[in-house]
Amino acid sequence: MQPQPGIFSLGNTEHCFIELDRRPDAAAGADAALVIALASLAGPQTSAGGLSVVVGFRPELWASVAPEAARADVSPFEAITGSGFEMPATQHDAWFWIAGGQRDIVFDSAVRVIDRVSTVATVASELQGWVYRHDRDLTGFIDGTENPSMLEAQAVAVRPEDGSSVLLFQKWRHLPTWRSLSDHDQEQVIGRTKPDSIQLADDVLPETSHVARTVVENDGEELAIYRRNVGYGGPTEHGTAFVGFCATQHPLDIMLRRMAGATEDGIRDALTRYTTPLSGSYYVIPSVDALARFVPLEGG
Ligand code: HEM
C-alpha cells in the first residue's frame, strides 16, 4: 500500500492548506461525494502542474465512507487544558494541502478544488504557507533538525500494514513578545542554539524548553514524528502552520499534552508563552490505494 507521496515531497516554497466542512443541508451521500472529489485531487490534472497534494479526512467520516480502510485507533481533536493554557479543538471534516513552486499555480488549483466540492462542502479555514530563510520557522530557528531522514521518514509517518498516516494540523500564532527576548533567552526556550540548531547540553537544557517537552521516551525508545511545518502570515500576524505526520496518534497527542503542561509533571513548554494555538485537528491520511477506489475510471 502506497502512502500519499506529497507527505514526503520536499522543496516546495508555496503552500495552501484548506479545511472543509460538509454542508449540513447536503444531500445524502455527501460524505462519499467529498471523498470522491478529494480523491481525484491526487489525479493527473494536479500532478501535471508539478504540484504536490495530500488529502485527509475526519476519522469518523473516513470510516463511514471507507469502513474497510477505517482507522478505529484515531480520534478527532479534543481541546487540551494544561497549566493555565488551552489548546482549542477546531476539528473539521476534511483537509487538503497543495504545494508547489509558484503561488499562482497553487492558488488556481486550490480554487478549482473549492469550486468542485462547493455543492457538498464549505471552506472552514484556509492558510497560505511560505518558506522562511530556507529551513527556519518564523521564530528564526531552524525547524526540522531532528526530523527523521528521508530513509526513515516513511517508517515514522506511515502505518506499514495499510499505508495510512495520522496528521496533526494546528495553526500557531507567534506573539510579538518573542522578539523582545535576547537570542540567549530564545535559545533557552527552544533548547537549541539559534544560528546552527545545536541542542543545549543536558546539564543546561531547561526542563521547560521545547526540546525537553517534545523528546519523549517510551520503554527507552524516543517517540518520533515527521514534521512538515511552514510559516504563514505577514509582518503583523504570522506564525507556524504545524503539519505533523505519524503512523499512530499517540506520539502526537503525548507531545501536545507535554507542551501544554497537561501531564503529571505539570511542566508547560516555554514556547507556548510566545506562541498561541488557534486551531487543532486530526485527520486520517489514507493510502493512495485506498483513495484510488473512489476515483472514477477514465471513460468509465
Ligand atoms: C509554534 C509552534 C512550533 C514551533 C515554532 C516549533 C519549533 C521547533 C523548533 C525550532 C525545533 C528544534 C529543531 C528541530 O529539531 O526541528 C522543534 C523541535 C521539535 N518539535 Fe516543535 N515547534 C512547534 C510546535 C510543535 C508541536 C505542536 C509539536 C508536537 C506535537 C512539536 C514537536 C517537535 C519535535 C518532536 C521536535 C524535535 C525534538 C528533538 O528530538 O530534539 N513542535 N520545534
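This is a predicted model: local features need pLDDT of at least 70, side-chain atom pairs count only at pLDDT 80 or more; totals for chains, interfaces and linings use all residues.
Because six of the six residues of β2 (residues 52-57) are buried, the strand is largely enclosed by the rest of the structure. Strand β2 runs antiparallel to strand β5 (residues 94-100), and six bridges join the two. Within this pairing, Gly56 stands opposite Trp95 of β5.

The largest nonpolar core contains 63 residues, and Leu38, Phe96, Ile98 and Leu167 have the most contacts inside it. The largest share of this core, six residues, comes from β5. Leaving aside residues up to four places away in sequence, Phe96 touches Ile18, Leu38, Leu41, Val53, Val54, Val55 and Val113. A second, separate core is made up of five residues, among them Phe141, Val189, Ile190 and Leu271.

Val189 and Ile190 belong to helix α6 (residues 183-190), where the buried residues are Gln186, Val189 and Ile190. These residues cover an arc of only 90° around the axis, and therefore lie on the same side of α6. An α-helix has 3.6 residues a turn, so residues three or four places apart point the same way. His184 and Asp185, on the other side of α6, are exposed. The cover over the buried residues of α6 includes α7. Just after α6, Gly191 takes a positive phi of about 95°.

In helix α8 (250-260), the buried residues are Pro251, Leu252, Met255, Leu256, Arg258, Met259 and Ala260. Their cover includes β3 (80-81), β4 (86-87), β7, α7 and β12. A positive phi is also found just after α8, where Gly261 has a value of about 75°.

The ligand is surrounded by 26 residues, of which Phe141, Thr145, Glu146, Trp172 and Thr214 are the closest. Phe141 is also part of the second core. At least two residues of the shell are supplied by each of β7 (165-174), α7 (210-214), β12 (238-246) and α8. By class, the shell consists of twelve nonpolar, ten polar and four charged residues. Of the elements that supply the shell, β7, α7 and β12 are also among those that cover the buried residues of α8.

Notes. Residues are numbered from 1 along each chain as its sequence is written. A residue is near a molecule or strand if its C-beta atom, placed from the backbone, lies within 6 Å of it. Helices (H or I, at least four residues) and strands (E, at least two) are DSSP runs, numbered from the N terminus. Ala, Val, Leu, Ile, Met, Phe, Trp, Tyr, Cys and Pro count as nonpolar, Asp, Glu, Lys and Arg as charged, and the others, Gly among them, as polar. A residue is buried if 20 or more other C-beta atoms lie within 10 Å of its own, exposed if 12 or fewer, and partly exposed in between; C-beta atoms are placed from the backbone. The arc is that of the directions from the helix axis to the C-beta atoms. Two residues are in contact if their C-beta atoms, placed from the backbone, lie within 7 Å. Two strands pair if DSSP finds at least two bridges between them. A nonpolar core is a set of buried Ala, Val, Leu, Ile, Met, Phe, Trp, Tyr and Cys residues joined through C-beta atoms within 7 Å.
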